[in-house]
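Open the structure in your viewer and have the selection tool ready. We will go from stop to stop, picking residues and looking at what is there.

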Amino acid sequence: MHDRYQKNNDPLEQLQKEKAAYCQSFKDIYWEKDQTKQRAELFCENCLTPAIIQAVDNKVGLEIVQHMRHHCRGGKFLYRRNFQVALMLYLKEKDSFDEYYQYIKHTVSFEKDWLKEQIVQHCTATNEEQVPLLCSLALNILHGVIKQVQETLKYITPPNNEKSVTGIIQVLKKKLEDGIQIPLEKLRPVTFQSEKINPRNFKQEIESFIRTNDLTKRVKNWEKNIAQKISTLPTDPSSELYAMLSGCGKQCPFCEVLCDCTNREYTQHSAEYHRSRGLNGYKYTTTRVLASENCTTSVAGEGSFQNDDTDGNWFPYKKYRDLDDRYSHWNIPPDTSIETSAFWKWVFYKYNTKFADKYSAMPADSTSSWGLSWEQIEKDIEDKYNVKID
């Protein structure tokens with residue numbers, strides 16, 4: 001980063017880049033040619049056009065986020081619960097033990113990676129004119145930015161002084177600076193010995209050079225590598241969207257389900273539905289059988305647990321909050337009536353033996369009634385998460 005900064009601010013480096021522009025200006029001055037058109041074209045190509053494209057780049061990331069939140073089927077990126085359901089449906093479609101295991105053990109990274117894939121797929125989808133969504137969103141922004149520049153130029157009155165070209169550029173830069181940042185370092189060849197250039201003619205030439213078609217072609221070129229373009233946007237849509245859909249990232253100390261709270265001002269971690277602890281590798285000490293009950297049942301009972309957090313000592317589930325800060329910040333209601341969701345019951349039932357092999361344990365012995373039909377699972381998901389599965 002430091003090397004790049006030095007390179008971008010090295011006078012010799014900048015002079016080398018602008019060598020051709022200075023050379024042409026010297027020639028025009030020597031032969032006393034009217035430089036109005038040449039300087040206006042130089043300003044548009046080196047300063048204004050890059051600033052317009054950068055303005056589009058700056059805005060399109062958040063446009064992707066909003067489009068996904070409000071236009072994806074079933075509103076799957078609108079709320080945390082919808083996102084969870086979308087992930088369950090994806091896992092069911094893949095129906096791979098490895099996918100289930102990776103989701104359970106590495107939930108945050110799994111969710112982030114999946115969301116990135118969804119964003120690329122969403123932005124690659126084309127409309128009736130075969131234009132990818134990314135380009136379509138960017139073109140809408142582009143037209144708005146161009147209109148802003150055109151409207152600004154229309155109401156600029158060139159100042160009457162000897163440095164009027166510099167003046168008109170400064171006025172334009174000032175009026176556009178909230179959304180369009182014209183780079184100062186590129187202005188030197190444009191304003192170099194520009195005292196004889198008529199500012200009104202210069203402004204008219206700028207207006208003629210702002211061609212929507214040329215800028216449109218640049219944006220449409222993004223379709224060649226949409227994933228790469230998304231990865232270079234100043235605002236990363238996957239990070240922005242995940243921040244809206246994720247909780248704090250803290251996991252239940254027993255089943256490792258993520259905290260559901262998306263309100264950043266909450267004080268206690270909680271999850272609406274905990275999973276069977278055996279999915280995460282919890283097993284009974286004497287029998288080494290995977291545990292099938294969930295956390296709410298455990299903390300309502302008289303049992304105890306031992307792990308690295310307890311230094312191998314037995315600790316009552318009921319008093320889990322007294323163990324340390326990690327446990328005390330979790331609110332797990334002691335309620336035996338709160339069941340594990342039908343989806344995770346079915347996963348545990350189907351892959352009971354594989355989970356046992358993975359954790360060097362014995363299969364859970366209380367899952368025989370969990371071989372549920374998909375219709376039963378769908379209904380349970382719809383009831384628990386208040387969504388409609390299409």
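The tour visits some helices and then some salt bridges. Keep in mind that this is a predicted model.

Select helix α6, residues 97–105, together with helix α7, residues 107–124. Their axes come within 5 Å and cross at roughly 115°. Now show the side chains at the contact: Glu99, Gln102, Tyr103, Ile104 and Lys105 from α6, and Thr107, Phe110 and Glu111 from α7. Colour them by class and you will find three nonpolar, two polar and three charged residues.

**Stop two: along helix α7**

Stay with α7 and check its length.

Which residues of α7 are buried? Select Thr107, Phe110, Glu111, Trp114, Leu115, Gln118, Ile119, His122 and Cys123.

Select Glu45 and Arg218, whose side chains meet in a salt bridge with N and O 2.8 Å apart. Glu45 sits in helix α4 and Arg218 in helix α12 (residues 212–220), so this pair ties together parts that are 173 residues apart in sequence. Glu45 is partly exposed, at 42% relative accessibility, and Arg218 is also partly exposed, at 35%.

Next, select Asp57 and Lys229, another salt bridge, where the closest N and O atoms are 3.1 Å apart. Asp57 belongs to helix α4 and Lys229 to helix α13, so the pair links parts that lie 172 residues apart in sequence. Are these two buried or exposed? Asp57 is buried, with a relative accessible area of 10%, and Lys229 is buried too, at 12%.

Finally, go to helix α19, residues 374–385, and select Asp380 and Lys384. Their side chains form a salt bridge, 2.7 Å from N to O. The two residues are four apart, about one turn of the helix. Asp380 is buried, with 16% relative accessible area.

Terms used: Residues are numbered from 1 along each chain as its sequence is written. This is a predicted model: local features need pLDDT of at least 70, side-chain atom pairs count only at pLDDT 80 or more; totals for chains, interfaces and linings use all residues. Side-chain values use heavy atoms; hydrogens and water are left out. Axes are lines fitted to C-alpha atoms, for helices over the stretch in contact, and angles run from 0 to 180 degrees between N-to-C directions. Contact means heavy atoms within 4.5 Å. Ala, Val, Leu, Ile, Met, Phe, Trp, Tyr, Cys and Pro count as nonpolar, Asp, Glu, Lys and Arg as charged, and the others, Gly among them, as polar. Buried means under 20% relative accessible area, exposed over 50%, partly exposed in between (1.4 Å probe, protein chains only). A salt bridge is a side-chain nitrogen of Lys or Arg within 4 Å of a carboxyl oxygen of Asp or Glu.
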